[in-house]
Amino acid sequence: MLLIPAQLALWGLALIGVWALAWWMYDNLKSLAQIGVALLAPYFAPAEHKTLTERFGKWAVITGSTDGIGKQYAFQLASRGLNVVLVSRSTDKLVAVAHEIESKYSVKTKWIAVDFSNGREIYDHLRKELESVPVGILVNNVGANVDYPDDLDHIPEDKLWQLININIGAVTMLTRTVLPGMKKRGQGAIVNISSGSELQPLPYMTVYAATKAYIHNFTLAMQHELEPFGITCQLVSPMFVTTKVSNRTVYAVRPE
(Lines give C-alpha, C1' and ligand atoms only; values in the text may rest on other atoms or scores of the structure.)
Protein backbone atom coordinates (compact mmCIF):
# COMPACT_ATOMS: atom_id res chain seq x y z
CA MET A 1 0.00 0.00 0.00
CA LEU A 2 1.43 3.35 -1.04
CA LEU A 3 1.61 6.11 1.55
CA ILE A 4 0.22 9.48 0.58
CA PRO A 5 2.40 12.57 1.18
CA ALA A 6 0.47 13.54 4.34
CA GLN A 7 1.13 10.13 5.88
CA LEU A 8 4.80 10.33 4.92
CA ALA A 9 5.01 13.70 6.63
CA LEU A 10 3.44 12.30 9.80
CA TRP A 11 5.85 9.36 9.81
CA GLY A 12 8.73 11.76 9.31
CA LEU A 13 7.63 13.93 12.22
CA ALA A 14 7.19 10.84 14.39
CA LEU A 15 10.72 9.64 13.59
CA ILE A 16 12.13 13.08 14.37
CA GLY A 17 10.25 13.08 17.68
CA VAL A 18 11.55 9.63 18.60
CA TRP A 19 15.11 10.65 17.71
CA ALA A 20 14.83 13.89 19.72
CA LEU A 21 13.43 12.03 22.75
CA ALA A 22 16.16 9.39 22.55
CA TRP A 23 18.86 12.05 22.34
CA TRP A 24 17.36 13.99 25.26
CA MET A 25 17.27 10.84 27.40
CA TYR A 26 20.83 9.94 26.44
CA ASP A 27 22.12 13.43 27.21
CA ASN A 28 20.39 13.61 30.60
CA LEU A 29 21.23 10.06 31.63
CA LYS A 30 24.83 10.69 30.63
CA SER A 31 24.93 13.75 32.90
CA LEU A 32 23.39 11.78 35.77
CA ALA A 33 25.91 8.99 35.23
CA GLN A 34 28.79 11.48 35.31
CA ILE A 35 27.48 12.97 38.55
CA GLY A 36 27.15 9.48 40.04
CA VAL A 37 30.68 8.54 39.04
CA ALA A 38 32.05 11.79 40.48
CA LEU A 39 30.25 11.19 43.79
CA LEU A 40 31.24 7.54 44.12
CA ALA A 41 34.78 7.67 42.72
CA PRO A 42 36.43 8.85 45.97
CA TYR A 43 35.10 5.77 47.78
CA PHE A 44 36.68 3.37 45.28
CA ALA A 45 39.88 5.24 44.46
CA PRO A 46 43.14 3.89 45.90
CA ALA A 47 44.10 5.47 49.20
CA GLU A 48 46.28 8.55 48.71
CA HIS A 49 48.90 8.78 51.42
CA LYS A 50 50.71 11.84 50.13
CA THR A 51 49.98 15.23 51.62
CA LEU A 52 49.14 18.22 49.44
CA THR A 53 52.64 19.60 49.94
CA GLU A 54 54.16 16.29 48.82
CA ARG A 55 51.91 16.06 45.78
CA PHE A 56 52.04 19.66 44.60
CA GLY A 57 54.53 21.78 46.55
CA LYS A 58 54.78 24.02 49.59
CA TRP A 59 53.23 27.24 48.28
CA ALA A 60 49.71 28.09 47.11
CA VAL A 61 48.59 31.28 45.38
CA ILE A 62 44.96 32.33 45.81
CA THR A 63 43.41 35.28 44.00
CA GLY A 64 40.42 37.11 45.43
CA SER A 65 41.56 35.75 48.78
CA THR A 66 40.14 38.28 51.24
CA ASP A 67 36.46 37.34 50.94
CA GLY A 68 34.14 34.46 50.17
CA ILE A 69 35.35 31.34 48.37
CA GLY A 70 38.92 32.58 47.92
CA LYS A 71 39.35 33.32 51.63
CA GLN A 72 38.09 29.84 52.52
CA TYR A 73 40.53 28.26 50.05
CA ALA A 74 43.35 30.19 51.71
CA PHE A 75 42.38 28.97 55.18
CA GLN A 76 41.82 25.38 54.09
CA LEU A 77 45.14 25.17 52.26
CA ALA A 78 46.95 26.75 55.21
CA SER A 79 45.32 24.22 57.54
CA ARG A 80 46.91 21.50 55.41
CA GLY A 81 50.36 22.95 55.80
CA LEU A 82 50.74 25.06 52.67
CA ASN A 83 52.27 28.51 52.75
CA VAL A 84 49.92 30.92 51.01
CA VAL A 85 50.29 33.93 48.74
CA LEU A 86 47.21 36.11 49.06
CA VAL A 87 46.38 38.21 46.01
CA SER A 88 43.63 40.79 46.16
CA ARG A 89 42.90 44.49 45.80
CA SER A 90 42.61 45.77 49.38
CA THR A 91 45.88 46.08 51.31
CA ASP A 92 44.09 46.39 54.65
CA LYS A 93 42.13 43.18 54.07
CA LEU A 94 45.21 41.34 52.84
CA VAL A 95 47.16 42.26 55.97
CA ALA A 96 44.26 41.21 58.20
CA VAL A 97 43.76 37.83 56.50
CA ALA A 98 47.51 37.13 56.45
CA HIS A 99 47.75 37.90 60.17
CA GLU A 100 44.73 35.69 60.92
CA ILE A 101 46.20 32.75 58.99
CA GLU A 102 49.66 33.05 60.56
CA SER A 103 48.19 33.27 64.05
CA LYS A 104 46.09 30.15 63.48
CA TYR A 105 48.42 27.92 61.45
CA SER A 106 52.17 27.34 61.41
CA VAL A 107 52.66 28.56 57.84
CA LYS A 108 54.19 31.50 56.02
CA THR A 109 52.14 34.08 54.18
CA LYS A 110 52.87 36.64 51.50
CA TRP A 111 50.43 39.14 50.07
CA ILE A 112 50.29 41.04 46.80
CA ALA A 113 47.91 43.97 46.33
CA VAL A 114 46.77 44.31 42.71
CA ASP A 115 43.61 45.38 40.93
CA PHE A 116 42.95 42.87 38.15
CA SER A 117 40.55 45.28 36.45
CA ASN A 118 43.62 47.30 35.37
CA GLY A 119 44.43 44.59 32.85
CA ARG A 120 47.80 43.99 31.25
CA GLU A 121 49.77 46.56 33.23
CA ILE A 122 49.68 44.59 36.52
CA TYR A 123 51.32 41.38 35.32
CA ASP A 124 54.94 42.54 35.27
CA HIS A 125 54.55 43.36 38.96
CA LEU A 126 52.90 39.99 39.67
CA ARG A 127 55.62 38.07 37.84
CA LYS A 128 58.33 39.82 39.86
CA GLU A 129 56.54 39.14 43.15
CA LEU A 130 56.08 35.44 42.31
CA GLU A 131 59.50 34.94 40.74
CA SER A 132 61.05 33.47 43.89
CA VAL A 133 57.95 31.52 44.98
CA PRO A 134 57.80 27.81 43.97
CA VAL A 135 54.05 27.81 43.34
CA GLY A 136 52.56 24.35 43.83
CA ILE A 137 48.87 25.26 43.74
CA LEU A 138 47.23 28.18 41.96
CA VAL A 139 43.60 28.97 42.79
CA ASN A 140 42.18 31.32 40.17
CA ASN A 141 39.24 32.59 42.16
CA VAL A 142 39.05 36.34 41.56
CA GLY A 143 35.90 37.33 39.70
CA ALA A 144 33.51 40.17 38.95
CA ASN A 145 29.87 40.41 37.98
CA VAL A 146 27.54 43.05 36.57
CA ASP A 147 25.93 45.41 39.05
CA TYR A 148 22.47 44.32 37.89
CA PRO A 149 21.04 42.42 34.88
CA ASP A 150 20.69 44.69 31.86
CA ASP A 151 20.86 44.89 28.07
CA LEU A 152 24.40 44.70 26.73
CA ASP A 153 24.30 48.17 25.17
CA HIS A 154 23.18 49.67 28.51
CA ILE A 155 26.14 48.32 30.48
CA PRO A 156 28.99 50.87 30.75
CA GLU A 157 32.02 50.05 28.62
CA ASP A 158 34.30 50.26 31.67
CA LYS A 159 32.23 47.56 33.38
CA LEU A 160 32.52 45.27 30.35
CA TRP A 161 36.30 45.65 30.28
CA GLN A 162 36.36 44.98 34.02
CA LEU A 163 34.53 41.67 33.49
CA ILE A 164 36.89 40.67 30.69
CA ASN A 165 40.08 41.72 32.49
CA ILE A 166 39.14 40.06 35.77
CA ASN A 167 37.22 36.95 34.72
CA ILE A 168 39.22 36.08 31.60
CA GLY A 169 42.51 37.96 31.85
CA ALA A 170 43.42 36.88 35.39
CA VAL A 171 42.86 33.14 34.92
CA THR A 172 44.74 33.16 31.62
CA MET A 173 47.75 35.24 32.57
CA LEU A 174 48.30 33.83 36.06
CA THR A 175 48.12 30.29 34.71
CA ARG A 176 50.70 31.23 32.10
CA THR A 177 52.88 32.81 34.80
CA VAL A 178 53.13 29.73 37.04
CA LEU A 179 53.36 27.04 34.34
CA PRO A 180 57.12 27.17 33.62
CA GLY A 181 57.96 26.45 37.26
CA MET A 182 55.36 23.70 37.58
CA LYS A 183 56.55 22.02 34.38
CA LYS A 184 60.16 22.19 35.54
CA ARG A 185 59.28 20.56 38.88
CA GLY A 186 56.92 18.04 37.27
CA GLN A 187 54.10 18.75 39.70
CA GLY A 188 51.45 21.31 40.50
CA ALA A 189 47.74 22.01 40.50
CA ILE A 190 45.66 24.78 38.96
CA VAL A 191 42.15 25.27 40.32
CA ASN A 192 39.86 27.51 38.27
CA ILE A 193 36.69 28.76 39.94
CA SER A 194 33.94 29.15 37.38
CA SER A 195 30.17 29.24 37.96
CA GLY A 196 27.02 27.31 37.17
CA SER A 197 26.22 30.15 34.76
CA GLU A 198 28.73 28.55 32.36
CA LEU A 199 26.14 25.89 31.53
CA GLN A 200 23.86 27.97 29.32
CA PRO A 201 23.49 31.46 27.84
CA LEU A 202 22.27 33.96 30.41
CA PRO A 203 20.41 36.92 28.87
CA TYR A 204 20.96 40.28 30.58
CA MET A 205 24.06 38.85 32.26
CA THR A 206 25.46 37.89 28.89
CA VAL A 207 29.11 38.84 29.28
CA TYR A 208 29.41 37.45 32.81
CA ALA A 209 28.06 34.04 31.74
CA ALA A 210 30.24 34.08 28.63
CA THR A 211 33.37 34.69 30.72
CA LYS A 212 32.49 31.67 32.85
CA ALA A 213 32.00 29.56 29.72
CA TYR A 214 35.50 30.68 28.73
CA ILE A 215 36.89 29.43 32.05
CA HIS A 216 35.11 26.10 31.53
CA ASN A 217 36.59 25.53 28.07
CA PHE A 218 39.98 26.94 29.03
CA THR A 219 40.26 24.51 31.95
CA LEU A 220 39.20 21.44 29.98
CA ALA A 221 41.72 22.27 27.26
CA MET A 222 44.49 22.88 29.81
CA GLN A 223 43.80 19.49 31.40
CA HIS A 224 44.93 17.84 28.16
CA GLU A 225 47.92 20.15 27.73
CA LEU A 226 49.20 19.69 31.27
CA GLU A 227 48.57 15.99 31.90
CA PRO A 228 51.90 14.91 30.33
CA PHE A 229 53.73 17.21 32.78
CA GLY A 230 52.11 15.76 35.91
CA ILE A 231 50.08 18.93 36.53
CA THR A 232 46.47 18.74 37.70
CA CYS A 233 43.97 21.23 36.29
CA GLN A 234 40.64 21.34 38.10
CA LEU A 235 37.39 23.11 37.23
CA VAL A 236 35.07 24.14 40.08
CA SER A 237 31.62 25.29 38.97
CA PRO A 238 29.52 26.18 42.03
CA MET A 239 25.89 27.05 41.69
CA PHE A 240 24.54 29.92 43.78
CA VAL A 241 26.86 30.82 46.66
CA THR A 242 26.14 33.75 48.94
CA THR A 243 29.12 36.06 48.56
CA LYS A 244 29.65 39.80 48.35
CA VAL A 245 29.60 39.64 44.53
CA SER A 246 26.44 37.54 44.23
CA ASN A 247 24.54 39.49 46.88
CA ARG A 248 25.10 42.77 45.08
CA THR A 249 23.84 41.37 41.78
CA VAL A 250 20.88 39.32 42.94
CA TYR A 251 19.27 42.02 45.04
CA ALA A 252 20.02 44.93 42.75
CA VAL A 253 17.03 46.48 41.00
CA ARG A 254 17.37 47.47 37.39
CA PRO A 255 16.85 51.23 37.15
CA GLU A 256 14.01 52.48 34.99
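Visitor: Is E1 largely enclosed by the rest of the structure or exposed, and how many of its residues are buried?

Guide: A word on the source first: this is a predicted model, in which local features need pLDDT of at least 70 and side-chain atom pairs count only at pLDDT 80 or more, while totals for chains, interfaces and linings use all residues. Residues are numbered from 1 along each chain as its sequence is written, and side-chain values use heavy atoms, with hydrogens and water left out. Buried means under 20% relative accessible area, exposed over 50%, and partly exposed in between, with a 1.4 Å probe and protein chains only. Five of the five residues of E1 are buried, so this strand is largely enclosed by the rest of the structure. Trp59, Val61 and Thr63 point one way from E1, while Ala60 and Ile62 point the other way. Of the 256 residues of the protein chain, 36% count as buried.

Visitor: How many helices and strands does the protein chain have?

Guide: Helices (H or I, at least four residues) and strands (E, at least two) are DSSP runs, numbered from the N terminus. The protein chain has eight helices and six strands. Their order from the N terminus is α-α-β-α-β-α-β-α-β-α-β-α-β-α.

Visitor: In what order do the six strands form the sheet?

Guide: Strands of a sheet pair through backbone hydrogen bonds, either parallel or antiparallel. Two strands count as paired if DSSP finds at least two bridges between them. Here the six strands form an open sheet in the order E3-E2-E1-E4-E5-E6, and the pairing is parallel. The edge strands are E3 and E6 (231-236), each of which pairs on one side only. Five bridges join E1 to E2, and Val61 has Val85 in E2 as its bridge partner. Five bridges also join E2 (residues 83-88) to E3, where Leu86 stands opposite Trp111.

Visitor: Across which strands do H4 and H5 lie?

Guide: Contact means heavy atoms within 4.5 Å. Axes are lines fitted to C-alpha atoms, for helices over the stretch in contact, and angles run from 0 to 180 degrees between N-to-C directions. H4 lies across E2 and E3, running at about 170 degrees to E3. H5 (residues 123-130) lies across E1 (59-63), E2 and E3, and runs at about 170 degrees to E3.

Visitor: How many aromatic pairs does the structure hold?

Guide: Rings of Phe, Tyr and Trp (its six-membered ring) pair if their centres lie within 6.5 Å; planes under 30 degrees apart count as stacked, over 60 as edge-to-face and the rest as tilted. The structure holds three such pairs. One of them is edge-to-face, because the rings of Phe75 and Tyr105 have their centres 6.4 Å apart and their planes at 75 degrees. This pair links distant parts of the chain: Phe75 is in H3 (residues 68-79), and Tyr105 is in the loop between H4 (91-104) and E3 (109-113), 30 residues apart. Phe75 is buried, with a relative accessible area of 7%.

Visitor: Why is the pair of Tyr214 and Phe218 stacked?

Guide: The ring centres of Tyr214 and Phe218 are 5.7 Å apart and their planes are at 20 degrees, so the pair is stacked. Because they are four residues apart in H7 (residues 206-226), Tyr214 and Phe218 are separated by about one helical turn. Tyr214 counts as partly exposed at 29% relative accessibility, whereas Phe218 counts as buried at 14%.
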